[in-house]
Amino acid sequence: MPVEIATFRELVRAVAEISYHNPEQVLFYRGQANQYWKNTEDGQRINSFYPSIYRLPGRSLTENALEERYRTLQQQSDALLKRLKEEGIRGHDKLAKFSELTWAILQHYEVCPTPFLDVTHSLRVAASFALNDAEDAGYLYIFGFPHPNGSITYSVEHEIINIRLLSICPPEAQRPYFQEGFLVGTFPSKRLRKHPSLDTGVRLIAKFKLVAKAFWDENFHAIPTEALYPGDDRIKEICSQLKTTSENDPTIALTRTRRKRRAG
């Protein structure tokens, strides 16, 4: 059960204790208005944090379905790099060197499913995400990861990849800077079978239930949703166009139809 937290000040104190007792790890946060669960083999109900490419609620995700999702991801990666180069946006050559970097941008801007999960290094950002759309309470999750050592960190020992969006996104991408965004996932990044090890929940250290009523005060304010998703964001515009194009692409539509037929 999550520990109930009444105020932001109380949350900071609780996180300070966690940080002190986990000096070998860096804490990252994720705020959600709701909880998501999975059932374990022994009948327990635990929180689940699978990256979007592995999610298929209520149904089994086949290897063919995963291959199709990765093909779509590659198509969108190529399309994103092409647009960035055409518009002369800085850093497109750097993004082209590592496929995970374009995947991270596509995930952050919700273009298509990827093997990464959005987290933040900002406690205030995560708490705002947890409560901005919540009625009475929201949930904040704390994960422990190895210390990052650059814009993209491959931890072979822990089979983890960590991408610092602020280091890879051009200034035209406003959202990652306001959200202090990171993307985390397993390494190797491409796996064609869903497995419990792909669930970021294995890195979960603590979870809190944030009570909305008096959580924020005159000293600590929520970050408004419109600030977390700034409108003046050229990369958002490009990604929105890519997403619309993919949704209208008959090839992708046919793929979805085939997937439905197989599932049926």
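This is a predicted model: local features need pLDDT of at least 70, side-chain atom pairs count only at pLDDT 80 or more; totals for chains, interfaces and linings use all residues.
Strands, as the term is used here, are DSSP runs of E with at least two residues, numbered from the N terminus.

**Second largest pocket**
- The volume of the second largest pocket is about 170 Å³, and 17 residues line it, with Glu-159, Ile-160, Thr-186, Ser-197 and Val-202 lying nearest its centre.
- Sorted by class, the lining of this pocket is made up of 8 nonpolar, 5 polar and 4 charged residues.

**Nonpolar cores**
- The largest nonpolar core holds 36 residues, and those that touch the most other members are Tyr-54, Leu-80, Ile-105, Ile-163, Ile-168 and Ile-235.
- At least two residues of this core come from each of helix H2 (63-86), helix H4 (99-108), strand S8 (160-164), helix H6 (165-168) and helix H9 (234-248), and H2 gives the most, with 7 residues.
- Leaving aside residues up to four places away in sequence, Tyr-54 touches Leu-61, Leu-66, Arg-69, Tyr-70, Pro-115, Ser-189, Arg-191, Lys-194 and Leu-198.

**Helix H2**
- Helix H2 is 24 residues long and reaches 35 Å from its first C-alpha to its last, which is close to the 34 Å expected at 1.5 Å a residue.
- Gly-88, which follows H2, has a positive phi, near 65°.

Key: Residues are numbered from 1 along each chain as its sequence is written. Side-chain values use heavy atoms; hydrogens and water are left out. On a 1 Å grid over the protein atoms alone, a cavity is a set of points where a 1.4 Å probe fits but cannot get out, and a pocket is an open set with protein on both sides within 12 Å along at least five of seven lines; lining residues have an atom within 4 Å of a point. Grid points are joined across faces, edges and corners, and a volume is the space filled by probe spheres set on the points. Ala, Val, Leu, Ile, Met, Phe, Trp, Tyr, Cys and Pro count as nonpolar, Asp, Glu, Lys and Arg as charged, and the others, Gly among them, as polar. A nonpolar core is a set of buried Ala, Val, Leu, Ile, Met, Phe, Trp, Tyr and Cys residues joined through side-chain atoms within 4.5 Å. Buried means under 20% relative accessible area, exposed over 50%, partly exposed in between (1.4 Å probe, protein chains only). Helices (H or I, at least four residues) and strands (E, at least two) are DSSP runs, numbered from the N terminus. Contact means heavy atoms within 4.5 Å. The expected span of a helix is 1.5 Å times one less than its number of residues.
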